[in-house]
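Subject: Structure handover

Hello,

The structure we spoke about is below, followed by notes on what was found in it. Please read the notes with the model open.

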Amino acid sequence: MIVTGTRRILAALSFGAILALAATQTPPIRFREIAAAAGLHFVLENSPTDRKHMIETMPGGIAVFDYDGDGRPDIYFTNGAAIPSLEKSEPKFRNRLFHNEGGMKFRDVTGEAGVPGAGYSMGAAAADYDNDGHPDLFVAGVNRNTLYRNLGNGKFEDVTAKAGIASGEWAVAAGWFDYDRDGLLDLWVVHYAKWSPAFDRYCGEQARGLRIYCHPKYFEGLASTLYRNQGDGTFEDVTARAGLTKFPGRGMSVAFADYDQDGFPDVFVTNDNMPNFLFHNKGNGTFEETALLAGTALRDHGKPVASMGVEFKDYDNDGLPDAFVTALAGETYPVFRNAGKGMFLDATYVSKLGALAVKHSGWGLGLFDFNNDGWKDLFTANAHVNDLVEQFEPAVYREKNSVFVNESGVFRDVSEESGMTLAAAHRGAAFADFNGDGKIDAVVSALGSPAELWENVTPGNAHWINLRLRGTKSNRDGIGARIRIGKQVNEMTTTTGYASSADAGVHFGLGDTAIVKTIEILWPSGRKQLVTDVKADQVLVVTEPW
């Protein structure tokens, strides 16, 4: 018995030593904030008022896309407007487009590009909806949406009206996907709730003179809208036909992935203090809402949380897309692990993210391999909803962003050593390799504060590859394509986090792999393609075979 016990102790110590060694061998992640030096001068003007209008605390979406085709991702910030007029009455309210000049330098080209926006803007979604090779831009806003068509000469045209895109409801986020696989990108618009500047409920403690943003329960939710691309520059509202009108929610963000591997993209919508929606694409132009049965409506405790942003990607390298959601302090950042056969498991604490994130409040997020070791890490843009929360509960309003390194499907908080130093009312976040060094950088917006540009300066020479897809029978961007390299699987998408978008290809960290033996691509058209013996450390353009 003594010998057995000793062996058990030694085995435990050995296992602990192995875990410790694995932790020390995990490549570090390092960022530095360079927005000012890069010329990225932008402040998110949310127009806070004493009446605490709910819209004031919710803007901040960002779109990253190469609008002029020079190979470098550019940055578009959405912005607020005056309240109660909801008009961009001063230059400070303009949405802003910054051209990537190279070398981590940016230049404001909003005026010459013609994209200052209109109204109180919230979210942004970029993709090439007309398949002309130039990425276009949709801007979601409070009672006003805008569709900009990229003319290919550095300028955009507002085609909202003639494209058939409606306004009149509070839209927070949107995303592009090809739900019917006809080779044309369709548009999903997420709405929050019925609201007007006349709403004047007093929430908080009137005796103390502490007025706060009202709880979401006081707002009547709205259904998402689905626009089908008709291929002639116009869209048809097919919301009712698709079966979506009977699912009103307080929608915050949207993400797409084929979670059940049936070849059709499905839709995850986060809801604020309501169960989330998971719309299963039935492949016949209609959707069925399956979140409760699939296990993504709620965490295992059965309580709805303030679900904000969402990423719908495979974090544990089992080939199936999982869902990550940001929420408020005390609620954790829920993780729904795809268990296959259309089912998800609550992996919030198994992944260790529950304990790490429980004190944080989050909005934007990105699941990307920041250290290029072959595992997707997590970046979250943190801050609370209520600017007076510290007078009501043990929570913090302004927070630093967080970075969680992925160690074989388990996360560890490396925020401090990664360089997250700035506390602010963070909101949107978008991600791309802005300087072409093979490392994914981050751009973050913050209410009333300068935007942040976090350059990835992680040391080491881990390999990487970025795939830019060019569809022929599929949509031009290859959105919805499923790509496998070894155990890693990614789907091409331009949605990210909270009300944001990143049209910057598909990034894979490769670790020590200098030559990729096989890249397997399943295009939205159903075609399969193998690309073999590819050198790492490059942006590879892959065209769908005819």
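R32 is partly exposed, with a relative accessible area of 47%; here buried means under 20% relative accessible area, exposed over 50%, and partly exposed in between (1.4 Å probe, protein chains only). R32 forms a salt bridge with E455, and their closest N and O atoms are 2.9 Å apart. The term salt bridge stands for a side-chain nitrogen of Lys or Arg within 4 Å of a carboxyl oxygen of Asp or Glu. This pair links distant parts of the chain, 423 residues apart: R32 is in strand β1 (residues 31-33) and E455 in strand β30 (residues 449-456). Helices (H or I, at least four residues) and strands (E, at least two) are DSSP runs, numbered from the N terminus. E455 is buried, at a relative accessible area of 9%.

This is a predicted model, in which local features need pLDDT of at least 70 and side-chain atom pairs count only at pLDDT 80 or more, while totals for chains, interfaces and linings use all residues. Residues are numbered from 1 along each chain as its sequence is written, and side-chain values use heavy atoms, with hydrogens and water left out.

Searching the whole structure gives 23 salt bridges. One of them joins the side chains of K313 and E311, at 3.3 Å from N to O; both residues are buried. Another pairs R337 with D316, the closest N and O atoms being 3.9 Å apart. R337 is partly exposed at 26% relative accessible area, whereas D316 is buried at 18%.

The remaining notes concern K439. K439 sits in the loop between β28 (426-432) and β29 (441-446) and counts as buried, at 18% relative accessibility. Leaving aside residues up to four places away in sequence, K439 touches N372, A432, D433, N456, V457, T458 and G460, where contact means heavy atoms within 4.5 Å. Its side chain reaches the backbone oxygen of T458 at 2.4 Å. K439 and W464 are 25 residues apart in sequence, and their C-alpha atoms are 8.1 Å apart in space.

Regards

Notes. A polar contact is a pair of N or O atoms within 3.5 Å; within protein, one must be able to donate a hydrogen and the other to accept it, and residues adjacent in sequence count only if both atoms are side-chain atoms.
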